[in-house]
Every structure is written in structure tokens, then in C-alpha cells.
Amino acid sequence: MRVIFAGTPEPAVPSLRRLIDSPRHEVVAVVTRPDAVAGRGRKVTRSPIGLLADEHGIPVLTPGKPSEPDFIDALTELAPDCCPVVAYGALLPQRVLDIPRHGWVNLHFSLLPAWRGAAPVQAAILAGDEITGASTFRIEAGLDTGPVFGVVTDKIGVADTAGTLLGRLSESGAHLLETTLNGIEDGTLQAVPQAADGVSYAPKVDADAGHIRWDQPALAISRRIRAVTPAPGAWTEIDGKRLKLGPVELVEEVLPHRAVEVRKSGVYIGTATTAVRLNQVQPQGKRPMPALDWARGARLEPGAVVG
């Protein structure tokens, strides 16, 4: 099939790479978000999907909005059979959805109808889900409401972060997406409407979602930290300065919530239940480092608290 691939961030790369290598499908163009300022150097940067397309000489479309007439004309002229989508980052108007004869097929990183929305992996970890996965579905006007073609599942490990889990799902999901397109082309695969029960939503995660409230239970704190790692990142404040936190370890000891204790065995913080032990931290304006190295350099006073 002639396909136009829509996607933007790194988790979409395995899917595009797989379709480029597929003997059954021709990627005639890529749609991605416009180049944006990123990084400490504040340089204008191409999206990961745009960079991969450039490497293979594939035309790249970067509309500011998918409703732009020039973009719609370009899609119409390219005459795609199907448009696979992975984390593109913009809503597609009905006029655009109607262009490919097999529609737009989205790879979403949850087991729909659970965790519709922008941050399904983060939401699954935060909720304490034991199983998650990825789904392919036909895009329609509603938010991730279209009928499902297929799913893959994955177990969420106790040490999984959003980064590690999304990394696995992006690979298994790429295989699912290719298989879905194969079935659509062969006429052997039919989409099934989503169940009416079990619907949940995963809104976009912002920096405030990473602010740790130490009056919560240790397990909830651990899940929140893992859910926002590596981005946007978990953080707390101490002595008026922000401290970024990596995943923590749960311990059995009880400390007053927010209290910080520095020992030879590590740095401990009290929660609403038992304490947690810090691993890697990143002080404001510095590089990541072991928590003990940070604590020794910070010379914390007895009775120090965070939050």
C-alpha cells in the first residue's frame, strides 16, 4: 500500500523504520510537527520522525495545523491508501480523515478503551496497573474512540519507568502496526468497536505532575516518580531549590513525612507511610548524581525537610 506516516517523537521511530523496511508498503511521505526550539542551546530542531524521513529521502510535510488548505491539497495529490499514525501530536479534521481509502490507523500505547488520551503509559504506571499494552484502531472524530484492529500486551514491572515501558511498547507496537496494515491490505482484518465499559482517560502530563507531595503513601510516591521519568521528571524542593528525583526504593522504616535523614547507607525521606531511599538526584543547575554525593555536598542541617 501507499502510506503516509504521521508521527513526531522518538517512540514513533520504530514504527516508521519498520514500514520503510517493509516489502509490502511504500512510505510516500511523512507528516510531523514543525521544527521547534529544543535543548539547552535553544536550537531549532527537526523531530525524530522528520530526521529519519530525511535520512531515507522521504518527503516531509510539517503543517502548523492539519486543517491548512495547502496540507490537504498535498495529501490529496499523494493519494495514500492508508495513513498510519504514532504520536503525531495534533487532531486531524474530518476532511483529512476522509482522504485515504483505508483511513488513518493509530497505534496507541494502551489497551483501549483504557487510558484514552495523551499520556497512557504514564497513567497506567501511576494507577498501579499490572498489565498494559498497545492497540491499533481506526481514527474517527472522537478522542481515541475508533474501532480496534489488534492489541499487544505487556506486564508493568515494579521498576518500570514511563521511559522503559514506552521503549518496549514502541517496538512491539511497531510490529502490531505493520501486521495491522498487512491485514487491511489483504482484506482479512476487521476493526471491532471498543467496549462501552472500562473507559478511562490519560491527560497530558505537565511539570506540575512531577511535584512530589510527601504526605502521600510511599507506594504512590514511587509510582508517580516512575510515571514521570524521564519526562517531565519528578522533583521536590529543599532549602528553596528544586531537586530532581530519579526512581526511589521503598523501605520498611517509618520517618516523619518530609524529614530527610542522611546515613552511610543512603538518603531517606519520610512519607505518609514508610520512608523511601533516594537513588539518583539532580540538583538545580547541576548534573545527575548519586543521592549520597548530593547530600554530602549540600551539608544538610539536622531536621532538614523537603517539599
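Analyst: Let's begin with Asp186 and Arg24, whose side chains meet in a salt bridge at 2.5 Å, N to O; a salt bridge here is a side-chain nitrogen of Lys or Arg within 4 Å of a carboxyl oxygen of Asp or Glu. Asp186 lies in helix 6 and Arg24 in the loop between helix 1 and strand 2 (26–31), so the pair ties together parts that are 162 residues apart in sequence. Helices (H or I, at least four residues) and strands (E, at least two) are DSSP runs, numbered from the N terminus. Please keep in mind that this is a predicted model, where local features need pLDDT of at least 70 and side-chain atom pairs count only at pLDDT 80 or more, while totals for chains, interfaces and linings use all residues. Residues are numbered from 1 along each chain as its sequence is written, and side-chain values use heavy atoms, with hydrogens and water left out.

User: Which residues are linked with Arg24 in a network of salt bridges?

Analyst: The network of salt bridges links Arg24 with Glu185 and Asp186.

User: And how many salt bridges are there by this rule?

Analyst: The count comes to 13. One of them joins the side chains of Arg18 and Glu178, at 2.5 Å from N to O, and this pair links distant parts of the chain, with Arg18 in helix 1 (residues 13–21) and Glu178 in helix 6, 160 residues apart.

User: Is Glu178 buried or exposed?

Analyst: Glu178 counts as buried because its relative accessibility is 13%, and buried means under 20% relative accessible area, exposed over 50%, and partly exposed in between (1.4 Å probe, protein chains only). Arg18, at 33%, counts as partly exposed.

User: New topic: what does UniProt list for "binding site"?

Analyst: The unreviewed UniProt entry lists Ser110, Leu111, Leu112 and Pro113; such positions are given in the numbering used here, feature names are shortened, and annotations may be inferred rather than shown by experiment.

User: Where is Ser110, and what does it touch?

Analyst: Ser110 sits in the loop between strand 7 (104–108) and strand 8 (116–117), and Ser110 is buried, with a relative accessible area of 0%. Leaving out residues up to four places away in sequence, Ser110 touches Trp115, Pro120, Thr132, Gly133, Ala134 and Ser135, where contact means heavy atoms within 4.5 Å.

User: What about Leu112?

Analyst: Leu112 is in the loop between strand 7 and strand 8 and counts as buried at 12% relative accessibility. Beyond its neighbours within four places in sequence, the contacts of Leu112 include Ser135, Phe137 and Gln194.
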